[in-house]
Amino acid sequence: MKKLVEFIAEIGTIMYVGGILSHIVISIINAPPSPEVAAMIYDYKMQSAYILILPGLALKIFADLMLYFVFKQRAWWMRIKLAMTAFLTVNAFVFLVPMMPQLLELAHLSIPNGVLSEAFHELEGKEKLVGMSNIIPLVTEMIMGAFKPRLSRTEFRAQPFTS
């Protein structure tokens, strides 16, 4: 059962990180976009967030909570992993998810003028800052999950020579 939960965590990570990387790539290869292309990009980002990123994040949260509460995975690496996941979840639901439909609407409103509005660029700048603030927590969360380092003397004494 524990292996199944760890597998679910891996699938969640693939969906979550893969969705984020696709957002980065589509933004880079289309910069600077016209209003029509920006509308297409934000439509894609919104759909992929609902199909990949948010379900992937939910799978990660479910699996990590199962590992913590059911399988008593209480090492410090898991506590740090959960704290990083909490940060990523707040950023997603408080900032990024509400911005996507707003950016899509602003891009559509800019189409008649032929250039993206100042409001679009301002909100897009905020989205980029919030997105960049996820880098360190995401990398930390993935490192903790992959390497499961012993971070306390108690943990090191309990398993001094395991890899």
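This section describes the helical spans, the backbone exceptions and a nonpolar surface patch in a predicted model.

The unreviewed UniProt entry annotates residues 7-29, 49-70 and 82-100 as "transmembrane region".

Most residues other than glycine have a negative phi, and most peptide bonds are trans. The peptide bond from A31 to P32 is cis, with omega near -15 degrees; P32 belongs to the loop between α1 (2-29) and α2 (35-70). In the loop between α2 and α3 (76-110) lies K72, which is not a glycine but has a positive phi of about 55 degrees. K72 has a relative accessible area of 55% and is therefore exposed, the cut-off being over 50%. K148, also not a glycine, has a positive phi of about 45 degrees and is placed in the loop between α5 and α6 (153-158). With a relative accessibility of 38%, K148 is partly exposed.

A nonpolar patch on the surface is formed by L129, M132, I135, I136, V139, I143 and F147, which together have about 760 Å² of accessible area. Helices α4 (118-132) and α5 (135-147) each contribute at least two residues to the nonpolar patch. The most comes from α5, which supplies five residues. F147 is located in α5 and is exposed because its relative accessibility is 64%.

Methods
Residues are numbered from 1 along each chain as its sequence is written. This is a predicted model: local features need pLDDT of at least 70, side-chain atom pairs count only at pLDDT 80 or more; totals for chains, interfaces and linings use all residues. Side-chain values use heavy atoms; hydrogens and water are left out. Patches are made of residues with over 30% relative accessible area and no salt bridge: like charges are joined within 9 Å, nonpolar side chains (Val, Leu, Ile, Met, Phe, Trp, Tyr) within 5 Å. Accessible areas come from the Shrake-Rupley method with a 1.4 Å probe; for residues, only the protein chains shown count as cover. A salt bridge is a side-chain nitrogen of Lys or Arg within 4 Å of a carboxyl oxygen of Asp or Glu. Helices (H or I, at least four residues) and strands (E, at least two) are DSSP runs, numbered from the N terminus. Buried means under 20% relative accessible area, exposed over 50%, partly exposed in between (1.4 Å probe, protein chains only). UniProt positions are given in the numbering used here, feature names are shortened, and annotations may be inferred rather than shown by experiment.
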